[in-house]
Amino acid sequence: MKSLEHGLRRLPKEDYDRAISYFEEYFEDAGSENEEQAIEDLGSPALAADQIIRDFAVENAQKPTKNMKRSFSAVWVGILALFAAPIGLPLAFAAAALGLSFVLVIVSLIFAVFCTALAFAASSVPAVVIGIWFLFTSPANGIATIGAGLVGAGIAIWVVMGCIALCRWFLNTMTKLFGRIAKGGNRHEK
């Protein structure tokens, strides 16, 4: 069990607890007289941990995630499953570096657009305030400035909402991709 716990330590807490409780129940059901047979049926702890990680990745890929924390957790399980798959280590490192680069570029682009939208929102507040001040000196300029500030705020809100939706879509897509890769590695093993 210690070797199995060590192999599963990289899983998110919820999945780790579920896996450990499964194996504890498995050994309890087997009883002390059948413990050796249960250990033999499971195989080495490293292989059992790899199989559990791949199973969680496939499970995460099949169900949509509801929140961002769970999405990041599902992507992490997918990455772990990718490394648990029986492929050459140099190929795995190269694929991981390429995949990580791709993910970082996409996340950086989403973050840059998000920051730009926040800058639009931040600049629209002073525009509205200055527009109100202009109302007393030049009503036409005041109305135009207030309108420009509100348009900027509206664009910023839509872009922020789009960035959040794009980020969720991207995380779900990455989870499904890693799940498919893990499922493919699982298929070749049998």
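Q: How do the residues lining the second largest pocket divide into nonpolar, polar and charged?
A: This model is predicted: local features need pLDDT of at least 70, side-chain atom pairs count only at pLDDT 80 or more, and totals for chains, interfaces and linings use all residues. Residues are numbered from 1 along each chain as its sequence is written, and side-chain values use heavy atoms, without hydrogens and water. Ala, Val, Leu, Ile, Met, Phe, Trp, Tyr, Cys and Pro count as nonpolar, Asp, Glu, Lys and Arg as charged, the others as polar. The lining divides into 8 nonpolar, 1 polar and 1 charged.

Q: Which helix gives the most to this lining?
A: A pocket is an open set of points on a 1 Å grid, with protein on both sides within 12 Å along at least five of seven lines; lining residues have an atom within 4 Å of a point. Glu 35, Ile 39 and Leu 42 are among the lining residues. Helices are DSSP runs (H or I, at least four residues). With 3 residues, the most comes from H3.

Q: How are H2 and H3 oriented to each other?
A: Their axes, lines fitted to C-alpha atoms over the stretch in contact, lie 8 Å apart. The angle is about 140°, on a scale from 0 to 180 degrees between N-to-C directions. Under 35 is roughly parallel, over 145 roughly antiparallel, 65 to 115 roughly perpendicular, the rest oblique. H2 and H3 are therefore oblique.

Notes
On a 1 Å grid over the protein atoms alone, a cavity is a set of points where a 1.4 Å probe fits but cannot get out, and a pocket is an open set with protein on both sides within 12 Å along at least five of seven lines; lining residues have an atom within 4 Å of a point. Helices (H or I, at least four residues) and strands (E, at least two) are DSSP runs, numbered from the N terminus.
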